[in-house]
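Take a moment to look over the sequence and the fold below. Then read on with the structure in view.

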Amino acid sequence: MAKKITLAQGAGGELMDQLIKENILRFFKNQGTAEVPLTALDDAAVVDDIVFSTDSHTVQPLIFPGGDIGSLAVCGTINDVSVVGGTPLALSAGFIIEEGFSLETFEAIVRSMGRMAKKANVPIVTGDTKVVEKGALQQFMINTSGIGRRSPALEKNIKEVKRHRKFRSRWLLDSNLESGDVLILSGNIGEHGIALLSFREGYGFETMIHSDIAPLNGLMSMVLAEGGVVSAKDPTRGGLANTVNEFSEKSQMGILLNEDTIPIPKGVQSACDMLGIDPLEIGNEGKVVLGVVKEKADELLAVLKKHPLGKRAAIIGEATDKISGVALQTAVGGKRIVRKPLGDPIPRIC
Ligand code: MG
């Protein structure tokens, strides 16, 4: 039987990894000389010091507690440009609309995109609109791409890193971690996925849990101005579990997380307990995980806590050559392995 693409292959975990590596990358290899190439599989590429990223969004429902597909699309791309060390400059917006889609809803979403772009100070400057026949897709999808220039604070940040250890990269790549580096998470995990799932299925948690959608460009420039950051990644699809495994794989470094310190809101934990979902595997849309030199960890944590999006920031673990892969030191004193999620515990949330 001919092989077909499954939903799980788009879920941001191990299976999507395979699809990208085996069915996409090999046809796009060795094209040009990007400083951060496609094969790095990082949040964004870098070509001629221009940071470049793209993301397509397919969410059900389109409007949910804490946001909508429009604000999500704007923030997702701003964040991917920001976490490699770019200052986002401009976005594109590509709409694919199913025939019969409500004009009122369409306008509400586009208005929300405009509002979020203005708030983040990153204009939408080009775009494309396509309408497809009924049944060709479920309502509506958005693709956003973004470009950014090298953050003015990045040189100072790297200088600060080099005061404490050797550092060769010019960007904040997943592959930059070394043993001893500390991991800081900017705030609560699990809110986006649980808000969406709960609203969609009517579980009731959505009254206390809203999506965390937020643009991280402001927070990232504050953090870089303090200095000492070696890696950064937004824990979107696949959640924190996927993000730390990406760090671990690409840096060839073990990561030990401390369960006690990972900020998980009560409502998220209750929902996860009820549904049998691991909060570490749930997608977030306004959080960043930073790898930092240990000498700067406390200062950087203090800087994060001053920012409205970093109030619940916490040191959650460290990179170590004493283990391989990712392990979680549990609250009761044991250790468990944290694997890359195979598929997505909550589909269609980003
Ligand atoms: Mg990302």
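The paragraphs below go from a sheet to a helix and then to salt bridges.

Keep in mind that this is a predicted model.

Now look at strand 6 and its partner. Strand 5 covers residues 86-98, and eight bridges join strand 5 to strand 6. The two run parallel. Find G94, and you will see D128 of strand 6 opposite.

Next comes helix 8, residues 266-275. Four of its residues, G267, V268, A271 and C272, are buried. Seen down the helix axis, these buried residues fall within an arc of 130°, so they line one face of helix 8. What do they pack against? Their partner is helix 5 (191-201). The face turned away from the buried side carries K266 and D273, which are exposed. After helix 8 comes G276, with a positive phi near 70°.

K287 lies in the loop between helix 8 and strand 11 (289-292), while E191 lies in helix 5, so the pair ties together parts that are 96 residues apart in sequence. Both ends are buried: K287 has a relative accessible area of 7%, and E191 is at 13%.

How many salt bridges does the structure hold? The count is 22. Another one links D17 and K21, at 3.1 Å from N to O. These two are four residues apart in helix 1 (residues 14-24), so about one helical turn separates them. D17 counts as buried, at 12% relative accessibility. K21 is partly exposed, at 40%.

D43 and K233 form a salt bridge too, at 3.2 Å from N to O. D43 sits in the loop between helix 1 and strand 1, and K233 sits in strand 9 (residues 229-233), so this pair ties together parts that are 190 residues apart in sequence. D43 is buried, at 11% relative accessibility. K233 is buried as well, at 7%.

Salt bridges that share partners join D17, K21, D43, D174, K233, E246, E249, K250 and K340 into one network.

How values were computed: Residues numbered from 1 in each chain as written. Predicted model: local features only at pLDDT ≥ 70, side-chain atom pairs only at ≥ 80, totals over all residues. Heavy atoms only, no water. Pairing = 2+ DSSP bridges. Buried < 20%, exposed > 50% of the residue type's maximum accessible area, 1.4 Å probe, protein only. Arc of directions from axis to C-beta. Contact = heavy atoms within 4.5 Å. Salt bridge = Lys/Arg side-chain N within 4 Å of Asp/Glu carboxyl O.
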